Amino acid sequence: MKLFKSWTWSNPKLKNETIFVQIASYRDPQLLPTLRDLFEKATNPDDLRVCVAWQHDPNDEWDTVGEFYDDTRVKVLDFNYKDAEGVCWARNQVQQHYSGEKYTFQLDSHHRFEQGWDVMLIDMIKQLQSKGHPKPLLTGYIPSFNPKNDPEERVTTPWKMNFDRFTPEGVVFFLPASIDNYKELNEPIPSRFYSAHFAFTIGKFAEEVQHDPKFYFHGEEITIAVRAFTHGYDLFHPHKIVAYHEYTREGRTKQWDDDPTWVERNTITHQKVRKLLGIDGEICTSCNRKTFGNYWLGEKRTVEDYEKYAGIRFKDRGVQQYTLNHNPAPNPPIEDWENSFINKFRHCIDLYAKEFTENDYDLWVVSFEMNDGTVISRQDANEDEINQLLEASKTDGDWIRLWREYDGIKPDKWIVWAHSKSKGWCERKEHTL
């Protein structure tokens, strides 16, 4: 890593309202436009202290920090993209440069902002603190924008995060949804979850709840949500639009495109998530702050406190109906809490279309089973669905995305067995979960 340009404090009084802005950027053509808009739309741009993990290929002439190379408000951590180890590693690199700013703001490198975004966020934090939340955290999947048609395609309704499912590895997956009554609101709304691309809170968060550099990607956000909650942070969604995020990833090379070891890194992450949160009852009795270092749970609240607040339970992948109905947090107390959870299983089976060679399929058996052959759920695909899936795969890199959902325990494996009108039983695919 090469480090150029450190901050200089020409006016110590600026520290009173400074914001430590964290940006992890990987070969992103939107980095420079993001930096420009960040400063241009801030009411107090000189109060910003921006640190960028700039993971780039020197041959990518479009990937530049431009005029911010000599800007004393910006610190750039210069990494060759070949040395990058994933987004959590990059975020952790940035967090080591926190130097006591009053607030911190974590972003991706592909954003646009509303005018006065900094004052808007600070006012929300102060409003929440005045109502008894000493450590409020504003976070969420924020509305989208399209760089190719901006600002015309900006979504103009603020978003929240809803529970969607547990992935096969046990990670909680969320989806954005509109805050439909936002015009009636005058303060942020409680959130169950955390978004790594938009998080604004008090500056100490950059020290107290740092990203684990050994984490790769999946599992990052649910573990930060729980760790933040157990450190005493109260999670909220902004009730008004502050910024926009690009979700398409079009024109951006992802780190996993360049890293042949990403699957191994992701597997390690899943193992750590399971131990940290006790997924499927996988309690690590020897795990503690010593084994996880600075990336362990806080002591202000427990994981069970978070589960009661959010209405999800890690040991059996349970979720309360109140959460499934997308009602606002916190979940109401329930006398029979242990028996108040539904085991919701939703899974996307990925199949490679070119491995299915017949043109007259009339049935695919789709079965979720235990290792002893016990069928947990069977939801077969008929001829119409098969044809739709095969047609859709032509625009998705020849990948078939076969979704199934049911209430019940986690199975050990899925099986897809294809039947052809002319050939009978053909391709049989099986995958351990």
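User: Where does proline 151 lie?
Analyst: This is a predicted model. In it, proline 151 lies in the loop between strand E7 (136–139) and strand E8 (159–166).

User: And the peptide bond from aspartate 150 to proline 151, cis or trans?
Analyst: That bond is cis, with omega near 15°. As background, most peptide bonds are trans.

User: OK, next proline. Which loop is proline 330 found in?
Analyst: Proline 330 is in the loop that runs between helix H10 (321–324) and strand E16 (342–352). The peptide bond from alanine 329 to proline 330 is cis as well, and its omega is near 0°.

User: Where is arginine 317?
Analyst: Arginine 317 sits in the loop between strand E14 (312–313) and strand E15 (318–319).

User: Is arginine 317 buried or exposed?
Analyst: Arginine 317 counts as buried, because its relative accessibility is 4% and the cut-off for buried is under 20%.

User: What about histidine 326, what is its phi?
Analyst: Histidine 326 has a phi of about 60°, which is positive although the residue is not a glycine. Histidine 326 is in the loop between H10 and E16, and proline 330 is found in that loop too.

User: How much relative accessible area does histidine 326 have?
Analyst: The value for histidine 326 is 34%, so histidine 326 is partly exposed.

Note on methods
Residues numbered from 1 in each chain as written. Predicted model: local features only at pLDDT ≥ 70, side-chain atom pairs only at ≥ 80, totals over all residues. Heavy atoms only, no water. Helix = DSSP H or I, 4+ residues; strand = E, 2+ residues; numbered from the N terminus. Buried < 20%, exposed > 50% of the residue type's maximum accessible area, 1.4 Å probe, protein only.
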